[in-house]
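This report covers selected local features of one protein model. Please keep the sequence and the structure in view while reading.

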Amino acid sequence: VLGLSGGIDSAVVAALAVEALGKENVCGILMPSPYSTLHSLTDAVDLANNLDIKYLVIPIEKIYMRYIKDLSPIFDGDHHWDNTQENIQARIRGTILMSYSNRKGALLLNTSNKSELAMGYGTLYGDLSGALMVIADIYKTQVYDLANHINKNSVIIPVSTITKAPSAELRPDQKDTDSLPEYSVLDPVLHSLIEEGKTKEELIKEGVDSALIDKILTLKARSAFKAHQMAPVIKISNKP
């Protein structure tokens, strides 16, 4: 079982799961929130139909609004937007996925990629939940390469899933680039830091912007505690 968001990460994991396990052994769960776009929902449905897998649609808006109401002592009248509201949505989805896992005896596949994990761009007990992390050792730019490879003979992953701007869709008009550098900029720096073990000074000598490196190193350091709580990762590199 896995969550299908209409995004490229879950689409690639779903396609890999079908190839590895057979379509009859894979179930996708669509969990639209008040901030999910219609095209994401239709992309997820199209993917499930292309893969011929079972899927369920469980909207989370009513559950989310109940959370906000019942958590009023924590908000204490201050409902300004921050990652609290975003993480609540992600954790509701994690609960739904784990409920299916428990009831059906299914293995929950995580859909986070290496770029997100290195930057801490994920919610503990939410979208970081899972029994196995399938694409956690490939960078976001590699996820796109893999999606195009999966589509080499026929369109399995919807074209709009591949071409649209990545977004967690946890607030209006959200884009990954609100929090992270463009993946085409981020991934080469991460590769240099992680796989090649280069220092900040070496990267500056190579022409990488100092402020960019500082931002990446800061985000990486702040989120290191999350890495110790992750599910097992399918390893394809020497530096997972």
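## Glu195 and its surroundings

Leaving aside residues up to four places away in sequence, Glu195 touches Lys114, Tyr139, Leu190, Ser237 and Lys239. The model is a predicted one, and these contacts are computed from it. Glu195 sits in the loop that connects α9 (183-194) with α10 (200-205).

Glu195 has a relative accessible area of 23% and is therefore partly exposed, as buried means under 20%. Val134 is 61 residues from Glu195 along the chain, and the C-alpha atoms of the two are separated by 19 Å.

## Asp9 in helix α1

Is Asp9 buried or exposed? Its relative accessibility is 8%, so Asp9 counts as buried. Asp9 belongs to helix α1, which spans residues 8-21.

With residues up to four places away in sequence not counted, Asp9 is in contact with Thr111, Asn113, Glu116, Ile135, Lys140 and Val143.

## The three-stranded sheet

The sheet is open and consists of three strands in the order β1-β2-β3, with parallel pairing. β1 (2-3) and β3 (54-57) are at the edges; each has a single partner strand, so one side of each is left without a neighbour in the sheet.

Strand β2 (residues 27-30) is joined to β3 by four bridges, and the two run parallel. Across this pairing, Ile29 stands opposite Leu56 of β3.

For β2, both faces are covered. Cys27 and Ile29 lie on one side, Gly28 and Leu30 lie on the other, and all are buried.

Which helix lies across β1, β2 and β3? Helix α5 (residues 83-104) does, and its direction is at about 150° to β2.

## The cavity

The structure contains one cavity of 30 Å³ or more. The volume of the largest cavity is about 30 Å³. Its lining consists of Leu4, Gly6, Gly7, Ser10, Ala11, Asp43, Ala44, Leu47, Pro158 and Thr161.

Helices α1 and α2 (38-51) each contribute at least two residues to the lining of this cavity. The largest share, three residues, is from α2. Classed by residue type, the lining of the largest cavity has five nonpolar, four polar and one charged residues.

## The second largest pocket

The second largest pocket has a volume of about 330 Å³. It is lined by 13 residues; Leu117, Ala118, Ala227, Met230 and Pro240 are the ones that lie nearest its centre.

Which helix gives the largest share of the lining of the second largest pocket? That share comes from α6 and amounts to three residues. The lining of the second largest pocket is made up of 10 nonpolar residues, one polar and two charged.

Terms used:
Residues numbered from 1 in each chain as written. Predicted model: local features only at pLDDT ≥ 70, side-chain atom pairs only at ≥ 80, totals over all residues. Heavy atoms only, no water. 1 Å grid on protein atoms, 1.4 Å probe; cavity = no way out; pocket = protein on both sides within 12 Å on 5 of 7 lines; lining within 4 Å. Points joined across faces, edges and corners; volume = space filled by probe spheres on them. Nonpolar A, V, L, I, M, F, W, Y, C, P; charged D, E, K, R; others polar. Buried < 20%, exposed > 50% of the residue type's maximum accessible area, 1.4 Å probe, protein only. Contact = heavy atoms within 4.5 Å. Pairing = 2+ DSSP bridges. Axes fitted to C-alpha atoms, helices over the stretch in contact; angles between N-to-C directions.
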